[in-house]
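Thanks for making time, everyone. Let me show you the structure first, and then we will walk through a few of its side chains.

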Amino acid sequence: MPVVYAILLILLVVGDQTLKLYVVNNIATLHFQEVIPGILSLTHITNTGAAWSMLEGKMIFFYIVTIIAIVILSYLFIKAPKKNYIYRFSLIFLLSGTIGNAIDRFTQHYVIDMFSFDFVNFPIFNLADTYITIGVILIIISLIFTSAGDQYKQ
């Protein structure tokens with residue numbers, strides 16, 4: 001089973017980087033390409049901050065936080081109970097998103113964002129951000145099921 005986690009991690013990071021490469025090579029900066037008219041567009045922006053461009057330009061801070069996050073997530077994955085699959089998958093998604101954005105930060109000093117919802121005013125985000133969101137949702141689900149399961153063990 002550990003091979004499945006490694007393969008998933010690699011596929012997610014490669015998927016993120018491949019999409020970012022597509023956007024860089026096919027969409028001019030600050031231009032949009034409709035994917036689903038009125039709903040979703042791809043755009044090409046660079047972000048030197050975190051979500052919603054918070055702490056924009058604070059690259060040393062992001063380098064340090066990124067390294068710490070990767071170390072902690074890796075440690076949590078290694079120590080995670082082998083049978084807690086949801087929790088382990090959540091950590092893989094969090095790690096994949098963190099690594100995907102880390103590659104951008106360390107190589108280009110900014111993150112490529114591309115997904116734009118056309119029907120609502122929402123910040124533009126990337127695939128790595130989506131992985132992080134999925135990871136958080138899976139952690140919440142894992143905590144709910146673990147907590148519910150603990151009630152029956154007592």
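**Salt bridges and their surroundings**

Searching the whole structure turns up two salt bridges. By salt bridge I mean a side-chain nitrogen of Lys or Arg within 4 Å of a carboxyl oxygen of Asp or Glu.

Some ground rules. This is a predicted model, where local features need pLDDT of at least 70 and side-chain atom pairs count only at pLDDT 80 or more, while totals for chains, interfaces and linings use all residues. Residues are numbered from 1 along each chain as its sequence is written, and side-chain values use heavy atoms, with hydrogens and water left out.

Now, which side chains meet? Asp16 pairs with Lys20, at 2.9 Å from N to O. Both sit in helix H1, residues 2-26, four residues apart, or about one turn of the helix. Helices here are DSSP runs (H or I, at least four residues), strands are too (E, at least two), and numbering starts from the N terminus. In general, an α-helix has 3.6 residues a turn, so residues three or four places apart point the same way.

Next, Asp104 and Lys20 form a salt bridge, also 2.9 Å, N to O. That pair links distant parts of the chain: Asp104 is in helix H3 and Lys20 in helix H1, 84 residues apart. Salt bridges with shared partners join Asp16, Lys20 and Asp104 into one network.

Are Asp104 and Lys20 buried or exposed? Asp104 counts as buried because its relative accessibility is 1%. Lys20 is buried too, at 3%. The cut-offs: buried is under 20% relative accessible area, exposed is over 50%, and partly exposed is in between (1.4 Å probe, protein chains only).

What else does Asp104 touch? Leaving out residues up to four places away in sequence, its contacts include Gln17, His109 and Tyr110. Contact means heavy atoms within 4.5 Å.

Follow the chain onward. Helix H3 covers residues 85-108. Just after H3, His109 takes a positive phi of about 70°. Then comes Tyr110, in the loop between H3 and strand E3 (111-117). Tyr110 is partly exposed, at 26% relative accessibility. Tyr110 and Ile45 are 65 residues apart in sequence, yet 9.7 Å apart in space, C-alpha to C-alpha. Tyr110 also touches Thr46, Asn47, Thr48 and Met59, among others.

That is the tour: two salt bridges, and one network of Asp16, Lys20 and Asp104.
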